[in-house]
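Dear colleague,

Please find below the structure that I am handing over to you.

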Amino acid sequence: MTMKSLLTSASIALLIAGASASAQAQIAVGHLADYSGGTSDVGTPYGQGVVDTYAWINKNGGIGGKQVNLDSNDYGYQVPRAIALYKKWSGADKVAAIMGWGTADTEALTGFLAQDKIPDISGSYSAALTDPTGAGGKAKPAPYNFFYGPSYSDALRAELTWAAEDWKSKGKSGKPKYVHMGANHPYPNAPKAAGEALAAELGFEVLPPLVFALAPGDYSAQCLSLKSAGANYAYLGNTAASNISVMKACKAAGVDVQFMSNVWGMDENAAKAAGDAADGVIFPLRTAVSWGGNAPGMKTVQEISKISDPSGKIYRPVHYIAAVCTSLYMKEALDWAAKNGGATGENVAKGFYQKKDWVPAGMEGVCNPSTWTDKDHRPTTKVDLYRSKVTGATDGDLNDLMAKGTIKLEKVKTVELPRKPEWHGW
Amino acid sequence: MASPSLIPSGDFRTSYAVDTTIFPTTTSRNFAILGIILTCFAPLVFSEYWLAILIQIGIFGIAALGLNILVGFTGQISIGHAAFFLLGAFTSAYISNKTPIPVFFAIPLAGLVTAMVGLIFGLPAARLKGLYLVIATLAAQYILLDFFSRAEWFSGGSVPAMANPFSIFGYVLRGDRQYFYVVLAYVVVSYLLVTNLMRSRDGRALVAVRDHYLSAEIMGINLTKYRTLSFGLAAFFAGIAGALYAHYQLVVSNEGFGIERSILFLAMVIIGGTGSIMGTLMGTAFVVLLPESMEWISAELKGSAIDRALQLNNNLTFLREIAIGLIIIAFLVFEPDGLAHRWRQIKTYWKLYPFSH
């Protein structure tokens, strides 16, 4: 084949591929992913989960016979880039919905989403996104913001409830000391006030917060502060990679403190990377089971995973499964909208209000039942707390480590928080 | 080297008016006016994507113009320009949110406030030169960014601040198509102002400081005054650009304006041509379009045979950043005098075509 004919056939192939992709695309969905920014450690499996799920949806007939055109973009966890993408999605090529990500960008978009009527199911579980009417008075109205799982604040409230019991059950006397740790960034800051208020109420002594960056680094100084302050319970508000740095440094400094992490602050990959430093960390799990867990819905998750991993050998961390659940909630809301007047943003938002204790079809036993109403966007206030258990060296394949039980996620407690009106929106 | 200060033989100027004119010929003036008029039709023709890029070029072009006064005309250096840009953005958002002053006036006010702060951070320039000055301006970058992340009353702390849309006497401009004209107006005014400045007494003093500070001092130029002044001017344009950016995005966040953005501003000036006013705009266009064109290429590559063969996948993003770095290095090696110089060469070539020698 000559160079010229090679080029010609290549360009024809490109043209055909381009034309067929644009001809089928009918429902546009925007996707903000972080593959390269401050939260890329957990953003990568979550983003992959979203991409795989929509590819799987398209393979299985799409939404109401229409294919979904998922406009996936790595925005590097930067608000300006998210805003620029949003302008595109709210302008000429308007999307029916957005699969969002970070707290800073989601909170910045809240007002625009309401104005343009575009629902956004985010990776941010900031409690400020849960009050659609603003009636609670704690947060601005966020009628088009959704997320799947307990809010950051509720998860921390559950962890503190557990911590108070843990302190008593260990028979320790005096006031336990609680400290909030995280970057000075909207995401780690989101549950800070709620956590410190409840801690004080439960009889903790609240220490001044400690700041550490979203990126991995040397946080020995923070650990020495923990030690000298005599903290007993520390909340890690950042994502896994950064939290690991703290856990490792504290292990090395010999700090005896019980870490409790944010929902994005721990996963199987992190436990493998941190080794025995991750042993004993308490964290909330959004799904009823983790990868390979015994549930009817796990088959669907494995099928979706095969989209990007045909061999089926990759171990998918908890964030991947959460992404599958999140995407399927959005899919069913889009389904409802397509049947009831078309997949416009307004209809999709209404689609979220149609079911009580809702589990997407095929995900039984994986996604936790969730309920959204037009007054309350807290999908659940039930928090499953798990402890990571690491026994032994963690080199080797994650599948083996999990199978052998070197790394285990152990259920500690399920906390059913009351839906207090004074806890709504923060 | 065809530097503008070297007058070719046969080019006689017999009066000061001719010597200081902005446009050497009537045709060049008419072309400039025609260009602006044609740009006015851009919102009617271009898609929103291209409009957004033009607006970005305009906004960053004003900031880069400020930096060019400092770097290109006065021979100083600053790697804290992004912090002043952000200060302008936060100030304008703050003024329009907390006071009854409309956005129309908040933008120039933000420029003035930023200029004041710029004068303060410019003080070390009176005593420091070269690498030491670089470090001093680096301090400005970090001090201001830290201030933004802590001063909740001013910037909202870690939470992004909201800015009002641009409004004149109750009429609110919405969307890129309307905002484009605001940016265009500011670009035209800023570039005219600086062109004018450079042919004035003060402008010539700045150039004298750059070319030989000792001779300039001997001729009676107050070095401290002009060095500090150039910092103030640079900060003023950064502040104006920042304010325009704030009311364009409607959200101001301190992300993405770290040292790497300051370096990008420097890249705009260097690529465009230090000491060239029109070059600044070309350099800005280059720096803004470069990541976009990389985006097109990576979008084309995505899922293609090359992508699969090399298993690029998510690494395409990183590849893009690497390519941007490489192109900038290649530019500095092969085009050290900037785009403005290349443009002049192209013009000369066609003027003399086909008898260039």
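How much helix and how much strand does the chain have over residues 26–389 of chain A, and how far apart are the end C-alpha atoms? Over that span, chain A is 40% helix and 15% strand, and the end C-alpha atoms lie 46 Å apart. UniProt, in an unreviewed entry, lists these residues of chain A under "domain: Leucine-binding protein".

Please bear in mind that this is a predicted model. The predictor gives the complex an ipTM of 0.72 and a pTM of 0.81. Chain A has a mean pLDDT of 90, with 94% of its residues at 70 or more. For chain B the mean pLDDT is 87, and 95% of its residues reach 70 or more. One stretch of chain A calls for caution: over residues 12–24 the pLDDT stays under 50, and the model has one contact beyond four places in sequence for this stretch.

Chain A

Within chain A, helix α5 (residues 152–169) packs with helix α7 (residues 192–201) at an angle of about 25°, and their axes are 9 Å apart. Angles under 35 degrees count as roughly parallel, so α5(A) is roughly parallel to α7(A). The crossing in which α5(A) passes α7(A) is right-handed. On the side of α5(A), the contact is made by A:Ser153, A:Leu156, A:Arg157 and A:Leu160, and on the side of α7(A) by A:Ala194, A:Gly195, A:Leu198 and A:Ala199. By type, the residues of this contact are five nonpolar, two polar and one charged.

One backbone feature of chain A also deserves a remark. Most residues other than glycine have a negative phi. A:Tyr77, however, has a phi near 60°, a positive value in a residue other than glycine. A:Tyr77 is found in the loop between β2 (67–74) and α3 (79–90) of chain A.

Chain B

For chain B, the UniProt annotation "transmembrane region", again from an unreviewed entry, covers residues 53–71, 78–95, 101–123, 130–148, 179–198, 229–251, 263–290 and 317–334. Two of these spans can be set side by side. Residues 130–148 of chain B are 100% helix and 0% strand, with end C-alpha atoms 28 Å apart. Residues 263–290 of chain B are 86% helix and 0% strand, with end C-alpha atoms 15 Å apart.

Two helix pairs of chain B may interest you. Among the contact residues are B:Leu51, B:Ile55, B:Ile62 and B:Phe73 of α4(B), together with B:Phe180, B:Val187, B:Tyr191 and B:Met198 of α9(B). The residues of this contact divide into 18 nonpolar, three polar and three charged.

In the second pair, helix α5 (residues 81–98) of chain B packs with helix α12 (residues 223–249) of chain B at an angle of about 55°, with the axes 6 Å apart. This angle makes α5(B) oblique to α12(B). The crossing of α5(B) and α12(B) is right-handed. The contact includes B:Phe84, B:Gly88 and B:Ser92 of α5(B), and B:Ala238, B:Gly242 and B:Tyr245 of α12(B). By type, the residues of this contact are 14 nonpolar, seven polar and no charged.

Chain B also has a cis peptide bond, from B:Tyr353 to B:Pro354, with omega near 5°. Most peptide bonds are trans. B:Pro354 is placed in the segment after α17 (338–352) of chain B.

The contact between the chains

How many residues does each chain bring to the contact? Chain B contributes 16 residues and chain A contributes 19 residues. On the side of chain B that touches chain A, α4 (48–73) and α16 (316–334) of chain B each supply at least two residues. The largest share of that side, three residues, comes from α4(B). The residues on the side of chain B that touches chain A comprise six nonpolar, eight polar and two charged.

With kind regards

Key: Residues are numbered from 1 along each chain as its sequence is written. Chains are lettered from A and ligands numbered from 1 in the order in which they are written. This is a predicted model: local features need pLDDT of at least 70, side-chain atom pairs count only at pLDDT 80 or more; totals for chains, interfaces and linings use all residues. UniProt positions are given in the numbering used here, feature names are shortened, and annotations may be inferred rather than shown by experiment. Helices (H or I, at least four residues) and strands (E, at least two) are DSSP runs, numbered from the N terminus. Two residues are in contact if their C-beta atoms, placed from the backbone, lie within 7 Å. Ala, Val, Leu, Ile, Met, Phe, Trp, Tyr, Cys and Pro count as nonpolar, Asp, Glu, Lys and Arg as charged, and the others, Gly among them, as polar. pLDDT is the predictor's confidence in each residue, from 0 to 100. Axes are lines fitted to C-alpha atoms, for helices over the stretch in contact, and angles run from 0 to 180 degrees between N-to-C directions. Angles under 35 degrees count as roughly parallel, over 145 as roughly antiparallel, 65 to 115 as roughly perpendicular and the rest as oblique. A crossing is left-handed if the near helix is turned anticlockwise from the far one by less than a right angle, and right-handed if clockwise.
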